[in-house]
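Student: I would like to go through a structure and check each label against its cut-off. Please show it first.

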Amino acid sequence: MAPTARLLADRLDVLREDALQYWRAQTAREKVLIVAAAAVLALFAWRMWVWLPLQTARENAYAELESVEMYRAKLAALPADMTPSTRTQAPLRETITSTAAAAELGITRAETTPVGLEVELENTEFAELIVWIDALRRQGGVQVIEAQLSRQPSPGYVTAKLVFEE
């Protein structure tokens, strides 16, 4: 045995002998009080370090479960057409220009950039622009990653500079 381990074992033997000597020196009444105090201390420790953390974890789990159920209900309430559709394999520029023409939106400039396709539309009705962008997102999987809109003198009309990506 290593010298440190032997020293530790000797110390523990001395402590055990001292505890036994102390216990033997106590009267029966004192022994009952010590055992009762140790039991109360053990119950307190068990409650503080076992029971309460388990109760807290249980409450947190129920709260998380309620949150998950709430989100599940919200997802179930969404319309079926909210699911993303698969995009046709047409190039991004072709998809943008063809859908803009179908929506009667006039594209003044379309330029491919490292980020995506940059499109400018001048004097466009705002509501039609939003409907077109939503249709692109739903039907073609095309997303607007950057948008700059400026108001026109005519009410409800804007000039838009949009950057799209697939």
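**Labels and cut-offs**

Tutor: Helix H3 is followed by Glu104, whose phi is positive, near 60°. Helices are DSSP runs (H or I, at least four residues), strands are E runs of at least two, and both are numbered from the N terminus. This is a predicted model, where local features need pLDDT of at least 70, side-chain atom pairs count only at pLDDT 80 or more, and totals for chains, interfaces and linings use all residues. Residues are numbered from 1 along each chain as its sequence is written, and side-chain values use heavy atoms, with hydrogens and water left out.

Student: Why does Thr124 count as buried?

Tutor: Buried means under 20% relative accessible area, exposed means over 50%, and partly exposed lies in between (1.4 Å probe, protein chains only). Thr124 has 4% relative accessibility, so the residue counts as buried. Thr124 sits in strand E2. Contact means heavy atoms within 4.5 Å. Leaving aside neighbours within four places in sequence, Thr124 is in contact with Leu105, Leu129, Gly156, Tyr157 and Val158.

Student: Why is Phe44 called partly exposed?

Tutor: Its relative accessibility is 48%, so Phe44 counts as partly exposed. Phe44 belongs to helix H2 (residues 28-77).

Student: What makes a nonpolar patch, and which residues form one on the surface?

Tutor: Patch residues have over 30% relative accessible area and no salt bridge; like charges are joined within 9 Å, nonpolar side chains (Val, Leu, Ile, Met, Phe, Trp, Tyr) within 5 Å. Leu41, Phe44, Trp46, Met48, Trp49, Val50, Trp51 and Leu54 form the nonpolar patch. Together they have about 900 Å² of accessible area, by the Shrake-Rupley method with a 1.4 Å probe, where only the protein chains shown count as cover for residues.

Student: What makes a nonpolar core, and how many residues has the largest?

Tutor: A core is a set of buried Ala, Val, Leu, Ile, Met, Phe, Trp, Tyr and Cys residues joined through side-chain atoms within 4.5 Å. The largest has 16 residues, and those with the most contacts inside it are Ile96, Leu121, Leu129, Trp132, Leu162 and Phe164. Helix H3 (92-102), strand E2 (117-125), helix H4 (126-140) and strand E4 (157-165) each give two or more residues to this core.

Student: How do you know that the buried residues of H3 line one face?

Tutor: The buried residues are Leu92, Thr95, Ile96 and Ala100. Seen down the H3 axis, they fall within an arc of 120°, so they line one face. The arc is that of the directions from the helix axis to the C-beta atoms. Ala101 and Ala102, on the other side of H3, are exposed. The buried residues pack against strand E1 (107-112), E2, H4 and E4.

Student: What makes Glu120 and Arg109 a salt bridge?

Tutor: A salt bridge is a side-chain nitrogen of Lys or Arg within 4 Å of a carboxyl oxygen of Asp or Glu. For Glu120 and Arg109, the closest N and O atoms are 2.9 Å apart. Glu120 is in E2 and Arg109 in E1, so the pair ties together parts 11 residues apart in sequence.

Student: Why is Glu118 called buried?

Tutor: Its relative accessible area is 15%, so Glu118 is buried. Glu118 forms a salt bridge with Lys161, with closest N and O atoms 3.7 Å apart. Lys161, at 31%, is partly exposed. Salt bridges that share partners join Arg109, Glu111, Glu118, Glu120 and Lys161 into one network.
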